[in-house]
Amino acid sequence: MTHELRIAVATDPGLVREHNEDSVYIRADLQAVADGMGGHEHGEVASALAVNVLAGWQGDLGPAVAEIARRLDAEAPQGAGTTLTAMRWEGLAFQLAHIGDSRAYVLREGELRQISHDHTMVQALVDAGRMTPQEAANHPRRAYVLRALQSGNSHEPDLSWHQAKIEDRYLLCSDGLTDYAHLEDVHEILLSTEDGTEAAWQLIALANGNGGPDNITCVIIDVAKKKWWQR
């Protein structure tokens, strides 16, 4: 293998909530962010269950998400739900599984691009041409999720394959970042801060500096070329 993934994570309850309902999971071939829904106890249960399933999972993410939905039905309180954005790597290719309004971005050759698609009411209106992205970003119900993994009412995830490149930088994050930080500022931090851990905590500070009313989780994955002595 001629490359390695350098993975950094930061998570924070924000400035308002006492508990962090976000859950995160990282290993060499799999990274995931899950944002719990349904109130403190329910959200924590659902997001933790999602990452616990992934922690014991190998292979395709489609069946993994189906298993999370089954376990939520069997074990979680009614109404407990979670978003999920996960990347599973096979060499430089990765499978992206996504449901809800957590997000995945790629920074490539200086350009930041979202590679997940929000499953929210405002995004559906943008897709239908009834709202601009700028209006969606400031809408008071921008966090209203149409698709999620939820006890008694799970939906299908988006599943896709992507090809990474050396020097790509990927960001997985909960909406506690993207709802309270301007994308231009996120772009600047990812572009200018080489160390992934430092960049992740700068993103947390950015959201908290804007009031930080929600839990915030950031995972940064740098695709780096291995040094000759590491091979």
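Helices (H or I, at least four residues) and strands (E, at least two) are DSSP runs, numbered from the N terminus. The model is predicted, with local features requiring pLDDT of at least 70 and side-chain atom pairs pLDDT 80 or more, while totals for chains, interfaces and linings use all residues. Residues are numbered from 1 along each chain as its sequence is written, and side-chain values use heavy atoms, without hydrogens and water.

Remain on α7 and display Gly196, Ala199, Ala200, Leu203, Ile204, Leu206, Ala207 and Asn208, the buried residues of this helix. The 14 residues of α7 reach 20 Å from first C-alpha to last, close to the 20 Å expected at 1.5 Å a residue; the expected span is 1.5 Å times one less than the number of residues.

Next, select Leu54, Leu61, Ile68, Leu72, Leu84 and Leu149, which touch the most other members of the 23-residue largest nonpolar core. Such a core is a set of buried Ala, Val, Leu, Ile, Met, Phe, Trp, Tyr and Cys residues joined through side-chain atoms within 4.5 Å. At least two core residues come from each of β3 (30-37), α1 (40-55), α2 (61-75), β5 (84-90) and β6 (93-99). A second, separate core of 20 residues includes Leu171, Ala181, Ala200 and Leu203.

Now turn to the largest pocket, of about 840 Å³. A pocket is an open set of points on a 1 Å grid over the protein atoms alone, where a 1.4 Å probe fits, with protein on both sides within 12 Å along at least five of seven lines; lining residues have an atom within 4 Å of a point. Volume is the space filled by probe spheres set on the points, which are joined across faces, edges and corners. Among the 26 lining residues, Arg103, Pro133, Ala136, Ala137 and Thr178 lie nearest the centre. Colour α4 (133-137), which gives the most to this lining, with four residues.

Finally, select Arg6, Glu167, Arg169, Glu194 and Asp222, which lie nearest the centre of the second largest pocket, lined by 22 residues. The volume of this second largest pocket is about 470 Å³.

Notes: Buried means under 20% relative accessible area, exposed over 50%, partly exposed in between (1.4 Å probe, protein chains only).
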